[in-house]
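I opened this entry to keep track of what I looked up, one topic at a time. Have a look at the structure along with me.

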Amino acid sequence: MFANYFLTAWRNLLKNRAFSAINIIGLAVGLASCILIMLYVKSESGYDQWIPDNERIVRLHTAYESPGRAPFLTVRSAGRMMPAVRDYLSAEIEDGMRLVVWDTTVQQNGEAFSEQVAFADSSFFNVLNLPFANGSAQSSFNKPNDLLISREMAQKYFGSTDAIGKTLTVCCLRGQTVELTVSGVLEDLPDNTHLALDMLVYMDTEVFGQFPGVLDTWTSVNVYTYFKLRPGVSLEQAQLRLTWWVDNESPFLEFAKQNSGMLPDGTKISDTMKHKLMRLPDLHLDAHNDAGNMGDLTPMGNRKLVATFSLVAVLILVIACINFMNLATARAGQRAKEVAMRKVLGASRAQVAVQFLLEAIGLVMISLLFALVAVELVLPWYNQLLGKVFEFRLFSEPSLLFTLLGLGLLVGLIAGSYPALVLSGYLPGQILKASKSNESSASVKLRHVLVVFQFAVSVTLLVCTAVVYLQTQHANNLDLGYSTERKLVVGIRAARDNLDSLKQQWQAIPGVQSVVYSSEAPTQDNENNNFVTLLGSNQGDKPVEELLNYHNMDYGFFQAYQVQPLAGRLFDKAYGSDTLTPAEQNQISQAAAILNEGAVRRLGFNSPQEAIGRTLQISASGDGLNHLTVVGVIPDIYFRSVKFAIRPSLYMLNPQRFNVATITYNQGQASQVTAEIERVWKQAVPMQPIDMQYLSDMLAAQYQSENVQMQLFSVFSLLAVLVACLGLYGLAAFTAERKTREIGIRKVMGASVKQIMLLLIWQFSRPIMLANLVAWPLSIWLMLNWLQVFVNRIDTWWLLPICLMATLVSVCIAWLTVGGNAAKVAKANPIKALRHE
Amino acid sequence: MLKLTNLSRHYLSDDVETLALNKVNIEIAVGEFVAIMGPSGCGKSTLLNIIGMLDNPSSGEYWFNGENVAGYKEAQLAAIRKHHIGFIFQNFNLIDELSVRDNIELALLYHDVPASERRRRVAEVMDKVGIAHRANHLPSQLSGGQQQRVAVARAVVGGQSMILADEPTGNLDSAHGQEVMAMLQGLNEEGTTIVMVTHSPAHADYARRTINLFDGHVVTEDVKAA
């Protein structure tokens with residue numbers, strides 16, 4: 001019997017080549033998209049699940065949310081939190097540990113390499129039990145300065161994993177160069193982890209305790225804190241106890257008493273100082289909610305994005321399945337006689353249904369083969385686009401093979417179920433008598449509903465793609481408020497002792513326009529915030545005090561970035577009083593300050609001019625106080641990503657805090673200038689590799705993930721539209737064929753070719769119009785929600801022209817798809833049509 | 001009204017040439033009722049299609065109201081056809097998705113007749129063929145005889161001067177067949193020229209002249225005595 005089924009199916013496949021091709025191409029595109037998205041979703045969802053006891057491991061995140069101020073969010077926490085919380089929650093917490101991650105230079109055989117070194121508490125392996133390639137937690141990580149390196153690092157520095165006992169010189173841990181001895185080699189971490197631990201050092205807590213703002217602090221958030229919960233303890237239980245402790249037993253209570261402004265009436269400490277635990281397996285996809293603009297150890301994922309792409313994958317597949325259903329039921333008449341004869345000869349309805357289901361599954365399996373080939377072909381491009389290394393080893397990974405076969409089976413069952421139900425339900429008597437199918441009007445209506453659904457999804461995807469594209473372009477092209485052209489940014493921390501001579505040498509390079517120092521360059525965000533008191537002001541019984549973000553800029557910095565003052569002046573050496581010098585205890589030092597417009601507003605001034613000449617008191621340098629005279633106001637400039645709002649900012653001139661140089665060069669001289677800059681650097685700081693980037697690259701990198709998302713979204717949306725159009729083409733071809741008689745009659749009645757074509761095109765335009773009516777509100781709602789997360793977003797009125805464009809595009813696509821068939825049928829001789837039956 | 005002179009039609013398919021009509025000469029005057037008879041495959045329907053301008057002759061002349069329309073383009077033929085010729089088919093050829101009223105109105109849709117005028121004429125012709133009570137029904141809800149009455153109404157609603165009927169009673173029982181023939185006779189008496197292909201001698205008897213075809217030739221022409 002199955003041989004007969006197979007033969008019938010195969011002959012039908014060959015007989016209706018065009019329909020078979022439409023189905024196979026549509027399903028193959030759908031399956032290939034689905035497989036590609038599955039690879040992405042699987043990789044994103046599986047982060048850190050390979051770490052033993054991952055479900056019991058949590059990380060502590062911090063959020064400071066003062067009323068009237070933008071919340072400060074970070075996935076880090078204060079150094080003193082870990083031991084305090086571990087002790088207080090000893091019933092819930094098994095152990096805890098902190099990570100301090102610093103950028104360093106590793107020197108080896110006369111060469112220098114920039115490396116990130118993580119310093120961890122001795123309890124590291126009690127929490128994160130990472131596998132060793134050489135050594136063990138007990139023998140290799142038991143005393144301060146024990147150094148563990150990854151297999152990759154061992155190969156890099158020593159040529160083999162046999163690195164135990166060998167030493168590396170690590171430069172500049174708070175000004176000190178230290179020799180560290182390798183005590184163990186860790187296995188390389190897989191790609192799917194939020195951790196970045198190529199070099200792990202047993203932290204000397206006594207030494208680190210002396211560094212300000214690292215371990216011995218309740219408020220500076222500079223460490224990553226992890227806990228392992230006891231078995232059976234839920235995250236919610238631990239979180240409840242932690243919050244209770246913060247509100248009732250923690251040292252924050254004492255701070256609140258000392259600082260009355262910290263806790264407005266009726267609020268708890270945990271309302272403004274939030275300490276949140278997050279499960280290890282959730283970190284990759286959810287940490288971005290808590291990370292603010294400071295980021296995490298590795299680039300973060302986004303659960304909504306994963307869900308969106310999963311939905312797109314399902315939708316493409318559903319669209320392909322609908323194609324199959326529509327074409328199969330539309331063409332059912334051609335198979336009606338066969339069904340009738342099988343039933344006459346004794347086949348049951350179930351047997352007929354099974355036959356059609358098997359046919360559908362067979363077709364899906366053929367499509368799956370094409371899909372696999374397509375995936376293999378596009379995988380290198382896909383990997384490059386996402387910056388991932390997805391591997392598609394079908395035969396060495398039986399689980400993958402079975403998953404795909406399961407997917408094929410499922411799609412076959414879904415796509416084949418409705419046609420099987422319709423076809424197997426035909427009554428042989430009626431069919432053989434009427435010599436035609438008795439397709440019900442309900443079946444025809446359902447087909448229209450499915451077409452409307454397909455196009456509603458396609459139009460929604462088109463609108464979403466267009467909005468995502470416009471928003472990305474908007475962010476890329478937003479006026480940042482300063483010149484970004486012809487600028488190189490060089491890290492100068494390692495050369496802090498001879499900054500003046502370095503600047504002179506760089507400025508002497510032909511082609512260099514200017515060299516200016518600053519604490520940060522644009523895109524290099526900081527969370528340096530300080531309370532500023534506006535002297536001579538009154539707010540109730542106290543002067544105005546506000547928390548402002550601050551940066552330190554060299555003379556000439558704003559000129560180099562072409563930022564003009566709105567009032568007053570920029571820093572100027574000629575005045576001789578702009579530089580901030582450390583104040584002795586109980587002393588006051590004088591200097592100049594520049595504010596941005598946001599700070600002017602925050603401090604309560606009505607205009608930039610009003611702020612000029614006023615004095616701000618701050619504790620920014622030395623043990624005493626600094627009095628800063630406001631000498632200038634500049635516009636609000638996007639120092640950090642446009643994803644975030646511009647903060648009220650204070651600009652000072654403290655050379656002690658300079659970390660980067662911005663070098664502006666002449667047009668067309670980039671390569672000579674970069675070579676010379678590097679040569680000068682090597683002479684000045686021979687054992688430190690230069691950290692030099694084009695500012696344009698740094699700015700582009702900020703939006704890289706959005707650009708990738710946009711590209712992916714566009715590709716998959718267009719694929720969805722393509723698959724839907726394939727279906728429409730097939731349906732149009734069939735409908736034109738089915739309407740041959742009607743068209744013949746109309747022609748006999750005097751209809752012209754043009755009138756017939758318009759009629760057919762209009763018939764197909766109707767469901768597309770209806771689909772647009774469904775898609776408009778849906779996509780507008782979706783996109784209004786999506787745009788909410790952007791501080792700088794396109795005007796929402798853009799949604800209307802975008803919707804109109806999507807309608808136009810969808811209708812044009814439908815016309816083009818249907819037009820060819822319509823013309824062919826309209827031109828045919830009506831006699832043939834009328835003899836049709 | 002029309003005159004065919006040495007009119008031939010051959011078809012070419014898969015290198016086989018079939019001669020459907022061979023040098024046919026026929027003349028039909030205004031107000032005539034002509035029946036065309038002959039065995040299957042003798043060329044009756046081909047002849048009717050050429051007369052109805054649904055097909056073009058391969059050679060010869062076709063004079064219609066003083067114009068030689070042989071060799072006219074599709075659009076030119078369509079223009080003449082829609083103003084002068086109505087069709088009735090054996091299988092009715094009604095559009096399944098349209099109601100009785102809409103099927104009849106179809107013939108006026110392509111004539112630039114205003115909607116109010118269309119409604120009036122459709123109502124009038126429905127009354128005339130006795131189908132007004134079924135105006136909103138779909139063809140599938142009607143009997144064969146009723147469907148053919150709708151087809152007749154559609155053929156005359158545009159005020160066509162000639163009706164071409166291709167075996168109009170072929171799918172009907174005798175009672176319904178008689179009914180349709182009576183209707184055609186009535187139309188002829190009102191001045192409509194009728195050309196009808198039929199297998200039924202009884203129905204051919206309604207015509208005043210019967211043309212017998214065989215292998216694409218006109219073999220005899222019988223004229224009933226007045």
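Before using the record, I remind myself that UniProt positions follow the numbering used here, that feature names are shortened, and that annotations may be inferred rather than shown by experiment. I also keep in mind that this is a predicted model.

**Entry 1: transmembrane regions**

The unreviewed UniProt entry places "transmembrane region" features at residues 21-41, 305-329, 350-379, 399-427, 448-470, 712-735, 756-778 and 798-818 of chain A. I checked two of these against the model. Residues 712-735 of chain A are 100% helix and 0% strand, with 34 Å between the end C-alpha atoms. Residues 798-818 of chain A come out at 95% helix and 0% strand, and their end C-alpha atoms are 30 Å apart.

**Entry 2: the annotated permease domain**

In the unreviewed entry, UniProt also lists "domain: ABC3 transporter permease C-terminal", at residues 311-424 and 715-817 of chain A. How much of residues 311-424 of chain A is helix, and how much is strand? I found 86% helix and 0% strand, with the end C-alpha atoms 32 Å apart. For residues 715-817 of chain A I noted 84% helix and 0% strand, and 20 Å between the end C-alpha atoms.

**Entry 3: domains of chain A**

Next I turned to the domain assignment of chain A. Domain 1 is made of 2-41 + 304-474 + 704-834, domain 2 covers 57-233 and domain 3 covers 487-701. Taken over C-alpha atoms, the centres of domain 2 and domain 3 of chain A are 31 Å apart. Their contact involves 10 residues of domain 2 of chain A and 9 residues of domain 3 of chain A. Which elements give two or more residues to the domain 2 side? They are β4 (93-108), β5 (111-120) and β8 (167-173) of chain A. The largest share, 3 residues, is from β5(A). By class, I have 6 nonpolar, 3 polar and 1 charged residues on the side of domain 2 of chain A that touches domain 3 of chain A.

**Entry 4: an open sheet in chain A**

I then followed a sheet of 4 strands. The sheet is open and antiparallel, in the order β14-β22-β13-β23 (chain A). Why do β14 (512-518) and β23 (692-694) of chain A each have one side without a neighbour in the sheet? Both stand at the edges and have a single partner strand each, so one side of each is left without a neighbour there. From one strand to the next, the twist averages 20 degrees.

β14(A) and β22 (residues 660-665) of chain A pair antiparallel over 6 bridges. One pair I marked is A:Ser518, whose bridge partner in β22(A) is A:Val660. Helix α19 (residues 499-507) of chain A packs on the sheet and touches β14 and β22 of chain A. The direction of α19 makes about 160 degrees with that of β14(A).

**Entry 5: strand β15 and its partners**

β15 (residues 529-539) and β16 (residues 542-552) of chain A run antiparallel and are joined by 7 bridges. Their hairpin has 2 residues between the strands, and A:Gly540 takes a positive phi near 70 degrees in it. β15(A) also pairs in the antiparallel sense with β19 (residues 615-618) of chain A, over 2 bridges.

**Entry 6: chain B against chain A**

Here I counted 16 residues of chain B in contact with 14 residues of chain A. On the chain B side, α2 (74-84), β6 (85-89) and α3 (100-109) each supply at least two residues. The largest share, 4 residues, comes from α2(B). The side of chain B that touches chain A has 9 nonpolar, 4 polar and 3 charged residues.

**Entry 7: two asparagines in chain B**

B:Asn6 has a positive phi of about 45 degrees and sits in strand β1 (residues 2-13) of chain B. B:Asn93 has one of about 50 degrees and lies in the loop between β6 and α3 of chain B.

Is B:Asn6 buried or exposed? B:Asn6 counts as exposed because it has 12 C-beta neighbours inside 10 Å, and the cut-off for exposed is 12 or fewer. B:Asn93 is buried, with 25 other C-beta atoms within 10 Å, where buried takes 20 or more.

Note on methods. Residues are numbered from 1 along each chain as its sequence is written. Chains are lettered from A and ligands numbered from 1 in the order in which they are written. This is a predicted model: local features need pLDDT of at least 70, side-chain atom pairs count only at pLDDT 80 or more; totals for chains, interfaces and linings use all residues. Two residues are in contact if their C-beta atoms, placed from the backbone, lie within 7 Å. Ala, Val, Leu, Ile, Met, Phe, Trp, Tyr, Cys and Pro count as nonpolar, Asp, Glu, Lys and Arg as charged, and the others, Gly among them, as polar. Domain bounds come from an automatic or database domain assignment. Two strands pair if DSSP finds at least two bridges between them. Axes are lines fitted to C-alpha atoms, for helices over the stretch in contact, and angles run from 0 to 180 degrees between N-to-C directions.
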